[in-house]
Structures are given as C-alpha cells and as structure tokens.
Amino acid sequence: MQEPYNHALPPGYQLMDYQIDKVLSGGGFSYVYLAHDAHGESVAIKEYLPSSLALRKEGDKVEASSEETRASFRHGLKSFFEEGRALARINHNNIVRVLNFFRANETVYMVMHYEHGKSLQEYIQSHNEPVKETFVRSVFSQLLNGLREVHTHKLLHLDIKPANIYLRLDGSPVLLDFGSARQTLTDVQLRLPPSYTPGYAPPEQYFDRKQLGPWSDIYSVGASMYSCLMRTAPLAADLRSKEDTLVPATKAGAGIYSDRLLEIIDWCMQLDHLKRPQSVFTLQKALLEKIPHAPPKKSLFETLRKRFSVKA
C-alpha cells in the first residue's frame, strides 16, 4: 500500500525565527529545509514528519494519520526531541552542529548549521578509481574524533554511510543525519520504512537491536571505507549472515591499499559484533598507526591480472 503524500512547508514560510528557502530533501522520516535566520545566516532545518505515521494535507499543522498511529507518532516525536537536545550539547568540528530545536505545527524541528561542500558519496562517484589511502585515513581519522564524542554522550549514530559524511570545502568531514530516533521508531512494531541503509548497517540492526553499541557504528565506518575502495556499497549484512559472499578487503584491495588498512576494514566488518573493535578509540589507534610499507603503485591492469590469475 502506497504511503500518503505529505506536503512540505512552502518557500517563504516563517517558522519561528527562520524563513524557509527551499526543500533540501524529503522522505520516509523527515523533511530537511534550507532556511535563513533573522541575520540572513543559512541553516538547515529538519522536520519530524514520518510519512507512515503522520500527515500534512494542507496548511502547516502535522497530525497523526490515524488513531492507530497516534501513540507511535508521539513516541517518535519524543525520541526526535530528546535526540535534538542531546546533539545540541555536542560542539565538535566533525559533528553537525545543532543550533536550536523547538516544537511547532504539532511536531518538532531541529535547526542545524548549514555546511558547504559535498558528500563522500558524491566524491567517490566523481572518481573512476578507488579513493586514495591517504585521503581515506585522513577523513576517517577526523570523523572518528567526532564519533568518539557522540559515543561519550551515550548516543549512537546508526546511519553512517558515505551519503551522510559531508566533506567541507577545506576537506574536513562532518557527520550528518543521525538515525537514532528512526531506530527508536522502528523498535515499535509497526509497518515502518527501514531505519538503516543496506550495505552499511550491521547485522544487529536487522536481527537483534539489544546488541546495538559503539561496535555497530564501527561496522558502518568499515563499510564506508570499503565503499571508498570498491566504489559501491558492500553486500548487505542480512544477506552476508545467510551466505557471506563478500570479497574481503584484504583480497579486493591487494596492491591498492596497505595490508594494514585492508585488515582494519575487514576487522570493522566482522558479522560477530564481539570480533569488531569495541570502541572508537581502539579503531583510531589502529588507523593512526604508521604505514609500515606503502604498497608499490601498480597499474589497473596489473592489479586485475594478479587478482584473477589462476595457477596452472
């Protein structure tokens, strides 16, 4: 059954101290708007509006789509508000800055600093070869500084992927779009869109959410690094759990990245959460190790010939 269409707030709409400029994105869980404040500074505003639970048919008010969904809508509303309040306490260069959060139109809004640049996903797709190892180590080492701060505040991201890793104009990364509130909503047994992205979500996000922890975000970090190598998302964890046909990074990236980085990627992507790095600090320590010997630069032909060669 197709979900009912939700109307976004129109350009020019005055939302508290902010004026909406345009819609940046909209989907199953929320709308994100580009807006500006009273001083003309650009901000991004995220509006809690899960399409399977709530509707805005016309006007600006949001309401539960039915009596059956009302309790779940309010449960998610509370989670979204609490997440905004928790994120507002984090002031870190590599984490999206939450400037304000408030209730209006019978829902909740989260106001964030608007970043200029492009996503890691766009960066990967703009290149015809794997992302360079020095770039991968630099971006993810910085990103882990921010993720470590998130975990210190007893929060999980739960939707780390290249599309949510934003590269500023100076090259520094910032982690966007937390999925924690969506995960809380999915815990309510209703027909809801997935709160995870196949290929980047760990198996416990599919099967046993009681096992979620820092190691869950670490799986997603490993999967994001894997995509820098392969230029595509890895095999989804639920499929890997049935039959793990994922080519290990140590095999797929031989001669492209150093052996140690490839080992780290495979370590992060272990299906058993107990076999992964258990903390961001542990992963950082490994990632910041000096590369013992950079792999010799090989042509793409040589790399493919080595990978697919068969002994007579």
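Buried residues are those under 20% relative accessible area. All panels show a predicted model.

**Panel A. Glutamate 115 and arginine 168 join in a salt bridge.** Glutamate 115 has a relative accessible area of 10% and is therefore buried. The N to O distance between the two side chains is 3.0 Å. Glutamate 115 belongs to the loop between strand E8 (107–113) and strand E9 (117–119), whereas arginine 168 is part of strand E10 (residues 165–168), so the contact ties together parts that are 53 residues apart in sequence.

**Panel B. Arginine 56 and glutamate 47 form a salt bridge between buried residues.** An N to O distance of 2.1 Å separates the two side chains. Both residues are buried. This pair is one of 12 salt bridges in the structure.

**Panel C. Lysine 61 and aspartate 60 meet in a salt bridge.** The N to O distance here is 3.5 Å. Lysine 61 is partly exposed, with a relative accessibility of 46%. Aspartate 60 also counts as partly exposed, at 21%.

**Panel D. Salt bridges link Arg260, Glu263 and Glu289 in a network.** The view shows the side chains of these three residues.

**Panel E. Phenylalanine 29 and tyrosine 48 belong to an aromatic cluster.** The structure contains 10 aromatic pairs. Phenylalanine 29 and tyrosine 48 are both buried.

**Panel F. Tyrosine 48 also pairs with phenylalanine 73.** The ring centres of tyrosine 48 and phenylalanine 73 lie 5.3 Å apart with the planes at 25°, so the arrangement is stacked. The pair connects strand E4, which holds tyrosine 48, with helix H1 (residues 67–88), which holds phenylalanine 73, across 25 residues. Both residues are buried. Together with Phe29 and Phe80, Tyr48 and Phe73 make up one aromatic cluster.

**Panel G. Arginine 103 places its charged end over the ring of phenylalanine 81.** The charged end lies 4.6 Å from the centre of that ring.

**Panel H. Cysteine 228 and cysteine 268 are buried.** Cysteine 228 has a relative accessibility of 1%, and cysteine 268 a relative accessible area of 0%. The structure holds zero disulfides.

Terms used: Residues numbered from 1 in each chain as written. Predicted model: local features only at pLDDT ≥ 70, side-chain atom pairs only at ≥ 80, totals over all residues. Heavy atoms only, no water. Disulfide = S-S within 2.5 Å. Buried < 20%, exposed > 50% of the residue type's maximum accessible area, 1.4 Å probe, protein only. Salt bridge = Lys/Arg side-chain N within 4 Å of Asp/Glu carboxyl O. Helix = DSSP H or I, 4+ residues; strand = E, 2+ residues; numbered from the N terminus. Phe/Tyr/Trp six-rings, centres within 6.5 Å; stacked < 30°, edge-to-face > 60°. Lys NZ or Arg CZ within 6 Å of the ring centre and 35° of its normal.
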